Amino acid sequence: MIDSACYPRLSRIQTPADLRQFDESELGAIAGELRAYLIESVGKSGGHFAAGLGVIELTVALHYLFNTPVDQLVWDVGHQTYPHKILTGRRDTIHTVKQKGGVAPFPKREESEYDTFGVGHSSTSISAALGMAIARQRQGDTRKAVAVIGDGAMTAGMAFEALAHAGGMDDEPMCWSS
């Protein structure tokens, strides 16, 4: 169980809806608590938490700005999802990651409605999010699909194929920023 004295904000977050109740000015403090909790929790059980540490602020921002799980986050690398798992109902069990019967070390659709795509290989997030966006566009659905891809995953051809596909579409189903 999380210590509310050490993690006063994070202890009040079970889902992203709880996160969105905080004022934007508190997000930096929430990110700090999330970072400390990730180190404390996963440090006990083992696992790859460096990638998750690199996306703490991004994870907080995505869950704060997008209406997850209605809007879907598609992660590219499973090890990046530990902060996501903490914010999506698995905070008190994250220490069981990589243990029999514990939290999966990657997004697992059967584990949570927030895990929208089971990462099988890096460089698949853009293709998966594009497929979701195209399907929604055809159905007149305005929900969003967001691909989260790290620089290491951008070295594979599959990511570039997805970017080329998305960029070559007449009716763009995805939003772009630079």
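## His-63 in helix H4

His-63 is a residue of helix H4, where helices (DSSP runs of type H or I with at least four residues) and strands (DSSP runs of type E with at least two) are numbered from the N terminus. At 0% relative accessibility, His-63 counts as buried, a word that here means under 20% relative accessible area, while exposed means over 50% and partly exposed lies in between, with a 1.4 Å probe and protein chains only. Leaving aside neighbours within four places in sequence, His-63 is in contact with Pro-16, Leu-19, Arg-20, Thr-68, Leu-73, His-84, Leu-87, Thr-88 and Tyr-114, and contact means that heavy atoms lie within 4.5 Å.

This is a predicted model, in which local features need pLDDT of at least 70 and side-chain atom pairs count only at pLDDT 80 or more, whereas totals for chains, interfaces and linings use all residues. Residues are numbered from 1 along each chain as its sequence is written, and side-chain values use heavy atoms, with hydrogens and water left out.

## Helices H4 and H5

The buried residues of H4 are Ile-56, Thr-59, Val-60, Leu-62, His-63 and Tyr-64. The elements that cover them include helix H1 (16-19), helix H2 (27-45), helix H3 (50-53), strand S1 (72-75), H5 and strand S2 (145-148). Helix H5 is mostly covered, since eight of its nine residues are buried; these are Tyr-82, Pro-83, His-84, Lys-85, Ile-86, Leu-87, Thr-88 and Arg-90. Among the elements that cover the buried residues of H5 are H1, H2, H3, H4 and S1.

The axes of H4 (residues 56-65) and H5 (residues 82-90) come within 9 Å and cross at roughly 40°, where axes are lines fitted to C-alpha atoms, for helices over the stretch in contact, and angles run from 0 to 180 degrees between N-to-C directions. H4 and H5 are therefore oblique to each other, because angles under 35 degrees count as roughly parallel, over 145 as roughly antiparallel, 65 to 115 as roughly perpendicular and the rest as oblique. On the H4 side, Ile-56, Thr-59, Val-60 and His-63 meet Pro-83, His-84, Leu-87 and Thr-88 of H5. The residues of this contact of H4 with H5 divide into four nonpolar, four polar and no charged, with Ala, Val, Leu, Ile, Met, Phe, Trp, Tyr, Cys and Pro counted as nonpolar, Asp, Glu, Lys and Arg as charged, and the others, Gly among them, as polar.

The loop between H5 and helix H6 (125-139) is the place of Thr-96, which is buried, with a relative accessible area of 18%. The side chain of Thr-96 reaches the backbone nitrogen of Val-103 at 3.0 Å, and such a polar contact is a pair of N or O atoms within 3.5 Å; within protein, one must be able to donate a hydrogen and the other to accept it, and residues adjacent in sequence count only if both atoms are side-chain atoms. Not counting residues up to four places away in sequence, Thr-96 touches Gly-102 and Val-103. Lys-98 also lies in the loop between H5 and H6 and has phi near 70°, a positive value in a residue other than glycine. At 48% relative accessibility, Lys-98 counts as partly exposed.

Ser-123 is in the loop between H5 and H6, and its phi is positive, about 80°, although Ser-123 is not a glycine. Is Ser-123 buried or exposed? Ser-123 is buried, with a relative accessible area of 1%. Ala-159 lies in helix H7 (residues 157-167) and counts as buried, at 0% relative accessibility. Although Ala-159 and Ser-123 are 36 residues apart along the chain, their C-alpha atoms are separated by 5.0 Å. Leaving aside neighbours within four places in sequence, Ala-159 is in contact with Ser-123, Ile-126, Ile-149, Ala-153 and Met-154.

The axes of H6 and H7 come within 8 Å and cross at roughly 30°, which makes H6 roughly parallel to H7. In this pair, Ile-126, Ser-127, Leu-130 and Ile-134 of H6 meet Met-158, Ala-159, Ala-162, Leu-163, His-165 and Ala-166 of H7. The residues of the contact of H6 with H7 divide into eight nonpolar, two polar and no charged.
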